[in-house]
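Hi everyone, thanks for coming.

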Amino acid sequence: MRPLDDTGAAKRQESGLPLMDIPSPGSRQEPAAAEVVETPGPGGCWQCPSSPCGSRAQQAEKKAPCPGLGLFYTLLSAFLFSVGSLFVKKVQDIHAVEISAFRCVFQMLIIIPCLIYRKTGFIGPKGQRIYLLLRGVLGSNAMILLYYAYQLTSLADATVISFSCPVFTSIIACVFLKEKYSPWDALFTAFTITGVILIVRPPFLFGSEIAETDKDYSVHVKGALVALAHAVFAAMTLVILRKIGTSVDYMLSIWYYVIVGLIECVIVLSILGEWRLPHCGLDRLFLILIGMFGLGGQMFLAKALQIEKAGPVALMKTMDVVFAFIFQIIFFNDMPSWWTVGGSLCVIASSTGAAIRKWCQSTK
């Protein structure tokens, strides 16, 4: 009779790969080498323990993923998100809340079959439902605010300010999750605040001449503040996801984000009286493409995080800003000011420094 320990090991080998590779305390890691899975000795295997089995090799080699594939997925994700943002900017006759509602509907049609296939249910564990509900409310608010910021201010400014999210994440996680807030985090926060100030250019610091010479300055400030609010809500969403951890399937987390967002959008649109189908056929196409590119960006980003460390992914994610600048110049003939460029460098330096620091800590 086969020992129970061997049976448990066999079942663990036959189970699916986890999202994150967590080495055991006694394991040995060999970088840049193929992953080797040990099988039972020549005396037998778990399928036919009584006799030797020649159908399975003694060592089954699994090829390592292509080097740089995770970074390529991140770059592709950044491109898809940027294209989706471009379409949001193009659709000016539709309220940002309605755009968010259309995206939620499109993603819901994709998520429902995935949940049925994965057999995760639609409610979630009893102890995590309140956190899933909060994740849905905060995440949907962040999405609505970002789309509204795209409509109010330039594509580059809204994208850059949204990259201040990691700074707010560190602060909120320190308060609610008791995570350590180091002097490095304070330095990155100072860089981010400096970058946002350079982009917004408040009159009490830069003089009232800026507001007087720029007729759209008030709209620009409103868009910048909305983008900053998006960063805060996105940071709270990330903290909630950290609190949930791996106890909930990530598809179920996206489901709450989609269904709560759709309900919220319908309520807000009913109150504002802004619910209407776009008159132009091109706008309808843009709405479909916003949902497609948004979902594609999420999928490639999730895939990148499965095969690559979070540090390099966060660094490559800054390509969002580069694409935003390129699209703003090409499609809107709008050259960013030097204030925007300087603010962008400050925010990117802050995000890059935070990512490198987290990466170094994870490799120790």
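Let me start with a question: which residue takes a positive phi just after α14? That's Asn333, with a phi of about 50°. Before I go on, please keep in mind that this is a predicted model.

So, what about α14 itself? Helix α14 covers residues 319-332, which makes 14 residues. At 1.5 Å a residue it should span 20 Å, and its end C-alpha atoms are 19 Å apart, so that agrees. Quite a list of its residues is buried: Asp320, Val321, Phe323, Ala324, Phe325, Phe327 and Gln328.

Now look at what α14 packs against. Its partner here is α5, with the two axes 8 Å apart and an angle of about 170°. Anything over 145 counts as roughly antiparallel, so that's what α5 and α14 are to each other. On the α5 side, the residues that meet α14 are Leu155, Ala156, Thr159 and Val160. Across from them in α14 you'll find Asp320, Val321, Ala324, Phe325, Phe327 and Gln328.

Let's stay in this area and step back to Ser154. Where does Ser154 lie? You'll find Ser154 in the loop between α4 (129-152) and α5 (155-162). Is Ser154 buried or exposed? Its relative accessibility is 14%, and the cut-off for buried is under 20%, so Ser154 counts as buried. Its side chain makes a polar contact with the side chain of Asp157, at 3.1 Å. Setting aside residues up to four places away in sequence, Ser154 touches Lys89, Gln328 and Asp334. Take Asp334: it's 180 residues from Ser154 in sequence, yet C-alpha to C-alpha they are 8.4 Å apart in space.

At 18% relative accessibility, Lys317 counts as buried. The Lys317 side chain makes a polar contact with the side chain of Asp320, at 2.4 Å. And which residues is Lys317 in contact with, leaving aside its neighbours within four places in sequence? Those are Thr74, Phe81, Phe163 and Leu301.

On to α6, residues 165-176. Its 12 residues should span 16 Å at 1.5 Å a residue, and the end C-alpha atoms are 16 Å apart, so this one agrees too. The buried residues in α6 are Cys165, Val167, Thr169, Ile172 and Ala173. After α6 comes Lys178, whose phi is positive, near 60°.

One more helix pair. Helix α7 (residues 183-200) and helix α10 (residues 217-244) have axes that come within 10 Å and cross at roughly 155°. That makes α7 and α10 roughly antiparallel to each other. From α7, the contact involves Val196, Ile199 and Val200. From α10, it's Tyr217, His220, Val221, Ala224 and Leu228.

Last topic: cysteines. Cys104 is buried, with a relative accessible area of 1%, whereas Cys114, at 24% relative accessibility, counts as partly exposed.

Methods: Residues are numbered from 1 along each chain as its sequence is written. This is a predicted model: local features need pLDDT of at least 70, side-chain atom pairs count only at pLDDT 80 or more; totals for chains, interfaces and linings use all residues. Side-chain values use heavy atoms; hydrogens and water are left out. Helices (H or I, at least four residues) and strands (E, at least two) are DSSP runs, numbered from the N terminus. Buried means under 20% relative accessible area, exposed over 50%, partly exposed in between (1.4 Å probe, protein chains only). Contact means heavy atoms within 4.5 Å. A polar contact is a pair of N or O atoms within 3.5 Å; within protein, one must be able to donate a hydrogen and the other to accept it, and residues adjacent in sequence count only if both atoms are side-chain atoms. The expected span of a helix is 1.5 Å times one less than its number of residues. Axes are lines fitted to C-alpha atoms, for helices over the stretch in contact, and angles run from 0 to 180 degrees between N-to-C directions. Angles under 35 degrees count as roughly parallel, over 145 as roughly antiparallel, 65 to 115 as roughly perpendicular and the rest as oblique.
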